[in-house]
Amino acid sequence: MENGRASTKPISQVTCTAPVNIAVIKYWGKRDEQLVLPINPSLSVTLSQDQLCTRTTVAASVDFKRDRIWLNGQEQSIDTPRLQKCLGEIRRLARKRKHEEERSGDLLGCCVHICSENNFPTAAGLASSAAGYACLVQSLARLFGIDGDVSHIARQGSGSACRSMYGGFVEWTMGRAEDGSDSVAKQVAPAEHWPELRVLVVVVNAGKKAVGSTEGMQTTVRTSALVAYRAEHVVPSRQDDMKRAVLDRDFQAFGEITMRDSNQFHATCLDTYPPIFYLNETSKQIIHLVHRYNRHHGKVKAAYTFDAGPNAVLYLLQDDVPEVLALLKHFFPANANNDSERTFVRGLPDVCRKDVSSDLLDSVGLEPSPGAVQYIIHTKAGQDPQVLTNPQQALLDENGWPKKQN
Ligand code: DP6
């Protein structure tokens with residue numbers, strides 16, 4: 001029944017959650033637009049789903065007349081090339097397995113309903129496409145009974161999504177095969193490998209939306225000589241150094257490489273013609289704060305990285321969280337009429353009761369900017385996509401229709 005609530009036939013349904021990931025070696029540029037093959041390898045940290053995640057429910061039924069998708073409570077067109085690519089690849093794999101293993105492929109003739117939500121405000125400009133496509137592909141793979149790595153399918157939804165298919169520290173290899181089958185994500189180390197590592201997502205009050213990643217990187221590849229140099233001469237050895245830093249839990253190396261790589265990515269944006277600016281004044285102030293903080297202590301205690309927007313993501317160790325939060329609150333205090341103290345730092349407990357020495361405040365020496373930071377999410381590394389088995393957590397009802405719509 002197309003829009004009724006009652007169904008006569010049983011439906012199959014799966015609900016998953018998937019994490020956000022933040023790259024410390026950035027992906028910026030494709031060598032194949034169709035297959036989403038990168039010009040350089042990249043490496044990221046998968047963030048805990050307790051603070052940031054996408055939840056998706058997919059259902060298949062012979063009663064459905066067409067494939068449909070609802071995102072954050074609103075129906076969207078399913079006829080986008082990327083969604084079609086992911087659905088098509090999953091069905092192709094399911095057909096292949098059915099043929100090879102003589103499995104029953106009842107669902108192959110069915111249309112699907114997809115319903116997806118983020119547990120964080122989409123307007124915050126946080127990387128949501130990675131978690132979104134990872135969650136979609138994971139849920140569909142489960143629904144159609146596909147096991148094994150499907151990161152090459154998530155990659156075709158959004159490049160960075162392939163890294164959200166694994167937990168902890170994850171690399172995305174360039175691959176050599178023409179069909180892109182070996183350009184996949186692999187875990188370098190699980191989240192438990194480095195339990196002291198913490199992440200502060202500093203959500204900066206932004207103005208107009210910047211250029212999207214897909215379009216931005218196309219223009220960069222077309223016009224920047226620096227990005228070609230970076231891909232050929234910088235990233236390959238940097239990727240190896242970063243893997244070693246992670247495996248050795250060497251924060252000095254991890255932090256320095258993270259900051260250098262973020263800076264070089266933004267330098268390629270500036271080298272794009274016409275140039276692309278993702279960092280704003282607040283982003284630059286945060287960069288100064290981190291460098292001055294590190295200089296004050298004579299070592300790398302915090303590292304920043306920025307994606308295609310002004311929000312900063314800071315990596316640091318657990319013991320330094322109170323001091324860095326206190327500094328951020330001092331120089332970027334919440335706007336009294338906007339954000340209450342209570343919700344300014346969200347996520348893991350705000351341990352910030354530390355008094356910062358006047359020496360350190362002098363070393364940082366910025367002009368305080370009230371309201372420049374909207375809020376901060378305190379989180380850490382986390383796990384790969386998860387399956388939710390409780391039907392109450394599903395976003396579609398027992399007949400495969402959204403439980404709530406805006
Ligand atoms: C700056 O994965 O969003 O966040 O493949 O075109 O969907 P498409 O791009 P996307 O690019 C992410 C770029 C980045 C760096 C990174 O995550 O590695």
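Modeller: Let's start with "buried": it means under 20% relative accessible area, while exposed means over 50% and partly exposed is anything in between, using a 1.4 Å probe and protein chains only. Helices and strands here are DSSP runs (H or I of at least four residues for helices, E of at least two for strands), numbered from the N terminus. The model is a predicted one, where local features need pLDDT of at least 70 and side-chain atom pairs count only at pLDDT 80 or more, while totals for chains, interfaces and linings use all residues. Residues are numbered from 1 along each chain as its sequence is written, and side-chain values use heavy atoms, leaving out hydrogens and water.

Colleague: Why does S139 count as buried?

Modeller: S139 has 0% relative accessibility, so S139 is buried. You'll find S139 in helix α2. Skipping neighbours within four places in sequence, S139 is in contact (heavy atoms within 4.5 Å) with V14, C16, T56 and V58.

Colleague: And why does P349 count as exposed?

Modeller: P349 comes out at 61% relative accessibility, so P349 counts as exposed. P349 is in the loop between β15 (345–347) and α10 (358–364).

Colleague: Which residues of α1 and α2 make the contact?

Modeller: From α1 they are R82, L83, C86, L87 and I90, and from α2 they are Y133, L136, V137, L140 and A141. They divide into 9 nonpolar, no polar and 1 charged. Here Ala, Val, Leu, Ile, Met, Phe, Trp, Tyr, Cys and Pro count as nonpolar, Asp, Glu, Lys and Arg as charged, and the others, Gly among them, as polar.

Colleague: What makes α5 and α6 roughly antiparallel?

Modeller: Helix α5 (residues 225–247) and helix α6 (residues 251–270) pack at about 165°, with their axes 10 Å apart. The cut-off is over 145, and α5 and α6 are therefore roughly antiparallel. Their contact has 10 nonpolar, 3 polar and 5 charged residues.

Colleague: Why is α7 called oblique to α8?

Modeller: The axes of helix α7 (residues 281–297) and helix α8 (residues 321–331) cross at roughly 135° and come within 12 Å. That angle makes α7 oblique to α8. In the contact, L289, Y293 and H297 of α7 meet E323, V324, L327, L328 and F331 of α8. By class, those are 6 nonpolar, 1 polar and 1 charged.

Colleague: Now the rings. How do you know that Y27 and W172 are edge-to-face?

Modeller: Rings of Phe, Tyr and Trp (its six-membered ring) pair if their centres lie within 6.5 Å, and planes under 30 degrees apart are stacked, over 60 edge-to-face, the rest tilted. The structure holds 12 aromatic pairs. For Y27 and W172, the values are 4.6 Å centre to centre and 65° between the planes, an edge-to-face pair. Y27 is in the loop between β2 (21–25) and β3 (30–32) and W172 in strand β10 (residues 169–172), so the pair ties together parts 145 residues apart in sequence. Y27 has 10% relative accessibility, so Y27 counts as buried, and W172 is buried at 0%.

Colleague: And why is the pair of F64 and W401 edge-to-face?

Modeller: Their centres are 6.3 Å apart and their planes are at 80°, so the pair is edge-to-face. Both F64 and W401 are buried.

Definitions and conventions: Axes are lines fitted to C-alpha atoms, for helices over the stretch in contact, and angles run from 0 to 180 degrees between N-to-C directions. Angles under 35 degrees count as roughly parallel, over 145 as roughly antiparallel, 65 to 115 as roughly perpendicular and the rest as oblique.
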